[in-house]
Amino acid sequence: MQFHHHGYVSGDPRVQPAAGVGLDRPPELPDEVDVLIIGTGPAGMIAAAQLSQFPDITTRIVERRPGRLVIGQADGIQARSVETFQAFGFAHRIIDEAYRIVEMAFWKPDPADPSRIVRTACPEDDPTGISEFPHLIVNQARVLDYFAEFMKNAPTRMEADYGYAFEGLEVDDAQEYPVRVTLVRTAGEHEGEEHAVRARYVVGADGARSPVRQAIGCTLAGDQANHAWGVMDALAVTDFPDIRRKCAIQSGAGGSILLIPREGGHLFRMYVDLGEVDPADHGAVRATTLEQIIAKANTILSPYTLDVRNVAWHSVYEVGHRLTDRFDDVRPEDVGTRTPRVFITGDACHTHSAKAGQGMNVSMQDGFNLGWKLGHVLDGRSPETLLATYSAERQVVAKDLIAFDKEWSTLMARKPEDFADPSELEDFYVRTMEFPAGFMTQYAPSMLIAGDAHQDLAAGFPVGKRFKSAPVVRVCDGVPIHLGHHATADGRWRIYVFADGPEPGAASGVAAFADWIGTHPDSPLATTPDGADRDAWFDVKVIYQQAHTQVDIGRVPAEFTPAVGPFGLTDYEKVYAADPAADIFDLRGLDRAGVVVVVRPDQYVAHVLPLADPAGLAAFFAPLLAPRAAASGRPGAGRALA
């Protein structure tokens, strides 16, 4: 990480200098805010964490609980989420405390004695190396703690406002702060009192029973699978040999278990199949006791036994798959006449089973997608039309998630004798692992995603999919790093310039491109506010084909070594070379005549274009950037209605 550019830092470099609204942040919830987030779940916290990086935007996040979450119900952290944590600076810290999944065991009835279960397969979790980051299990509460720490250390010094419950909202687009939100205090000396807040935008991250969703007239549509599961986080003594492996267990006695080892070496989670539920049950299955769940688990595990000594948490639920028709407050008849003011994220938009471990992961990507877009609009970087892309992009992802989860949860509940192929369950797991890992998302062409006309120039960076990092070598010091790991959650676009063959200083395509992006009035860098660092809005990096020892950094174009901070120090960490042991040009199918890869602030590839087509880059960014005169860095500057 980089620091000292504003002067010597002797303390924790993760604590950024306070700036903007963080210089005098009021402890009490103000009457007017730019963004009000309802709910401190994963979607809300990541959106708040992203917005905490915009010093001039007043964001507050409220929660009905009196304090932090103690026991979270979600625990699966897919590799895409760990990749995202890297951008927020805590990936390796959470990896150290989490349980890491490297394989999954499948247990089925013994053909010789169906009353007993035997292990039949144990495939790798990521045999193709889809990500350099692992698949983890860790308590949701710890994920929220890390986001809370990031927010508190950010320039805005953001913290959650606990003890506020959402009661209702009204929208009046004629007002400067169009959304009037009514909150009620749920704790403390003012418990029961109402508090009104006016906001430019509201984000409902308030769960499956979301009052915000109801307030904007959205409903969850879908179905119940009429199948119940008991879940418990337990400490136990057992002779089951795979208690510390993720397992899918199907028994001849009927019923299944999904076993998830938890962090800390002893705790584990069990999803225990309670069987089909009569539609006329009216929720009676939810009265199933913990003792009954444990007894059912022992029946399924035979001949092994489970002596449960302590249960931290347990519940009973029925699988349901539901999705809202929109993720914001713009009704179908109003599309094109107004832009959204109220958004919903996470479980407020989509509900499904816990079997694929997707709830927290997909919810965080909802919040990440929305957070930077709100930041860009309120900071004067982009027009309000940008906000319509949130619902358009994330609803498609949610639909795909529900379709996947329906198939996976149905297979998990199926009896062994009902499978046409005995290996069908594990085959499905291996065949589809890219989806639950979080890497199948591919956004469709839009104002944010270009077409694939030049995809052949960078085959390994599919447009619309997340930027898949690869090894490079930093030229200034010879340090090998992953290129994508320097893409922090700071709200900036990334422009990766993969150079053509000539060395720095010689006439080349990359030299011509550097001159254009640094001086041309159509360059996206031209919209950077006066007085800001040259790379304040766009992080432009160059990657040379030569070994780092063959790149003379003194001859690299100045656009790739910009001056930063009040002292005008040179940033040397934007110049890279291919790693001879793992050449990024070969790994990602990059055209050696040069190629430019544009990556969004949420790490998705937005465009691939030839090095010799700067006009194409200008055309792509033109509708995404506010006019130069309006780019003042003030909240709301440069906003334009659709």
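Domain bounds here come from an automatic or database domain assignment. I noted that this is a predicted model, where local features need pLDDT of at least 70 and side-chain atom pairs count only at pLDDT 80 or more, while totals for chains, interfaces and linings use all residues. Residues are numbered from 1 along each chain as its sequence is written, and side-chain values use heavy atoms, with hydrogens and water left out.

**Domains.** I looked up the assignment and found domain 1 (28–90 + 138–220 + 323–330 + 338–424), domain 2 (100–135 + 224–318) and domain 3 (455–622).

**Domain 2 against domain 3.** I read 47 Å between their centres, taken over C-alpha atoms. Five residues from domain 2 and five residues from domain 3 make the contact (heavy atoms within 4.5 Å). I then took the buried area (accessible area, 1.4 Å probe, lost on putting the two parts together, summed over both). Domain 2 and domain 3 bury about 320 Å², 43% of it on carbon and sulfur atoms. Ile 130, Glu 132 and Phe 133 supply 89% of the area that domain 2 buries against domain 3.
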